[in-house]
Amino acid sequence: MIRIMQAGDPALENIMNRHMAGKEAAAAIVAEIIKTVREQGDRALCAYTADFDQVKLTPGQLKVIPEEIEEAYGLVEKTTLESICLARDNIASFHRKQLEKSWFAPSDNGVILGQLVRPLARAGIYVPGGTAVLFSSVLMNAIPAMVAGVKEIVMVTPPGKDGKLNPYTLVAAAEAGVTEIYKAGGAQAIAALAYGTETIKPVDKITGPGNIYVTLAKQQVYGQVGIDMLAGPSEVLVVADETADASYVAADLLSQAEHDVLASAVLLTPVESLAEKVREEVARQTELLPRRDIVTRSLTDYSAIVITRDLAQAVQMANRFAPEHLELMVKEPFNLLCQITNAGAVFLGSYSPEPVGDYWAGPNHVLPTGGTARFYSPLSVDTFIKKSSIISYTREALEQAGGHIADMAVKEGLDAHANAIRIRLEGKGENQ
Ligand SMILES: NC(=O)c1ccc[n+]([C@@H]2O[C@H](COP(=O)([O-])OP(=O)(O)OC[C@H]3O[C@@H](n4cnc5c(N)ncnc54)[C@H](O)[C@@H]3O)[C@@H](O)[C@H]2O)c1
Ligand SMILES: N[C@H](CO)Cc1c[nH]c[nH+]1
Ligand SMILES: [Zn+2]
């Protein structure tokens, strides 16, 4: 169960470095899976699906057909479909604000510079489906891709034991503009998206969250394709003061602990009485949860309640953790926000619990984990675009700059570079 410790406790390092636990062994398994899918295509994809998901599929059954989506619409509850559509609208409206336009900057001397913004042609999105069916992740991946203008949005997700995809996953995909869906999960699905198989055409970039195998697979195929980030097992870190409600804090810690045995939930507080109450509440609320086995393991291995000297130390530690989700349950959360440098998403005040971000508010829930919020950002429209620089010079503009360019090229020992300038300015070109 969750421990109370002091800020200097060495056990905190284990929690902070939990993404390294078992990484080497898992990385070797993942490398083997990727190699086999590259060599054997659909045959390997189906064999791994049989092994890991206990489902026997033929290559012809990997792709979801329109009748399966139609059937799914008949199976979902109307009220949940309505919630999915409302969440979709919130997510789309938030992400539309991120759209960037191409720009051109002409100047008086005949130079035009600029930047073309283009969507990726084909994006592969991973939707987790191992221990829970995260159909909200369909929306979070597909909507920014659709807003960016990606034409081919290819979704992969593990099938259920009946060989089918969950109907909520299918309707969310249809509502969010996914264009192809395949029943495959884990490292094998990532390999198929990166290298292609007989059934799945390779994509340009792979996005989406997943467990350790999915995350390591994305890391290993990076370079063959683009990836969004390392969005592994979930984390929440709460910074709380004496104004925080212990039952809210406990509930929010548990909301992320239930994702995975490798998930992490940490409270940093200078208030010892709150720490004790939160521990009791965590124990009480855990007993009521259907997923208490997963929760208990993540609380025992990768979670803690930490007593800090003061709030300043809590903030300093939060920045070192660089958590996926940071909740500020303090009297003046916006004052503390100014001091936050590393976090995937920040939730302010007692009425912004993490699940508001998971399902509803609009910002993306696909977020960097394992300390990678130091250098990665949330999934966004930016993830699905790329930019090309534009340079256009006239002869007059080149005459002004040519001497400098040729000189720099010569000093680098690159005469052919210098010649590409001189041939235009010294009248030796064919058309001059
Ligand atoms: N960071 C984020 O933004 C974010 C968002 C949502 C979910 N998550 C995380 O996504 C993860 C979802 O995990 P999940 O397991 O439920 O679903 P998943 O779809 O990521 O993984 C399931 C797949 O893992 C593979 N697998 C399982 N055991 C294996 C083994 N021993 N060897 C090789 N492959 C194996 C199987 O192929 C299986 O289909 C959780 O860790 C959750 O915390 C993160
Ligand atoms: N909290 C997860 C990201 O770490 C996202 C999610 C989806 N569904 C529920 N939660
Ligand atoms: Zn969640």
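How many nonpolar, polar and charged residues does the shell around ligand 1 have? By class, the shell has 15 nonpolar, 13 polar and 3 charged residues. Here Ala, Val, Leu, Ile, Met, Phe, Trp, Tyr, Cys and Pro count as nonpolar, Asp, Glu, Lys and Arg count as charged, and the others, Gly among them, count as polar.

## About the model

This is a predicted model, in which local features need pLDDT of at least 70, side-chain atom pairs count only at pLDDT 80 or more, and totals for chains, interfaces and linings use all residues. Residues are numbered from 1 along each chain as its sequence is written, while chains are lettered from A and ligands numbered from 1 in the order in which they are written.

## Domains

The chain is divided into three parts: domain 1 (3–18 + 233–376), domain 2 (41–106 + 122–229) and domain 3 (393–425). These bounds come from an automatic or database domain assignment.

Take domain 1 and domain 2. Their centres, taken over C-alpha atoms, are separated by 28 Å. In contact are 16 residues of domain 1 and 18 residues of domain 2. Two residues are in contact if their C-beta atoms, placed from the backbone, lie within 7 Å. On the side of domain 1 that touches domain 2, there are 10 nonpolar, 4 polar and 2 charged residues.

## Ligand 1

Ligand 1 has 31 residues around it. G130, G185, G186, P209 and G210 come nearest. A residue is near a molecule or strand if its C-beta atom, placed from the backbone, lies within 6 Å of it. Helices (H or I, at least four residues) and strands (E, at least two) are DSSP runs, numbered from the N terminus.

Where does ligand 1 lie? Domain 1 and domain 2 both give residues to its shell, so ligand 1 lies between them.

## Ligand 2

The residues around ligand 2 are L134, S136, S137, S234, Q256, E324, D358 and H365. By class, they divide into 1 nonpolar, 5 polar and 2 charged. Domain 1 and domain 2 each give at least three residues to this shell.

## Helices α3 and α8

Two packed helices are described by the angle between their axes and the distance between the axes. For α3 and α8, the angle is about 160° and the axes are 9 Å apart. That makes the two helices roughly antiparallel. Angles under 35 degrees count as roughly parallel, over 145 as roughly antiparallel, 65 to 115 as roughly perpendicular and the rest as oblique. Axes are lines fitted to C-alpha atoms, for helices over the stretch in contact, and angles run from 0 to 180 degrees between N-to-C directions.

From α3, residues A44, L45, Y48 and F52 meet G186, Q188 and A192 of α8. This contact has 5 nonpolar, 2 polar and no charged residues.

## Helices α16 and α17

Helix α16 (residues 395–411) packs with helix α17 (residues 415–425) at an angle of about 160°. Their axes are 8 Å apart. The pair is therefore roughly antiparallel.

On the α16 side, the contact includes L398, E399 and G402. On the α17 side, it includes D415, H417 and A418. The contact residues divide into 8 nonpolar, 2 polar and 4 charged.

## Helices α4 and α7

How do the axes of helix α4 (residues 66–75) and helix α7 (residues 167–176) cross, and at what angle? They come within 8 Å and cross at roughly 110°. α4 and α7 are therefore roughly perpendicular to each other.

E68, I69, A72, Y73 and L75 in α4 meet P167, L170, V171 and A174 in α7. By class, this contact has 8 nonpolar, no polar and 1 charged residues.
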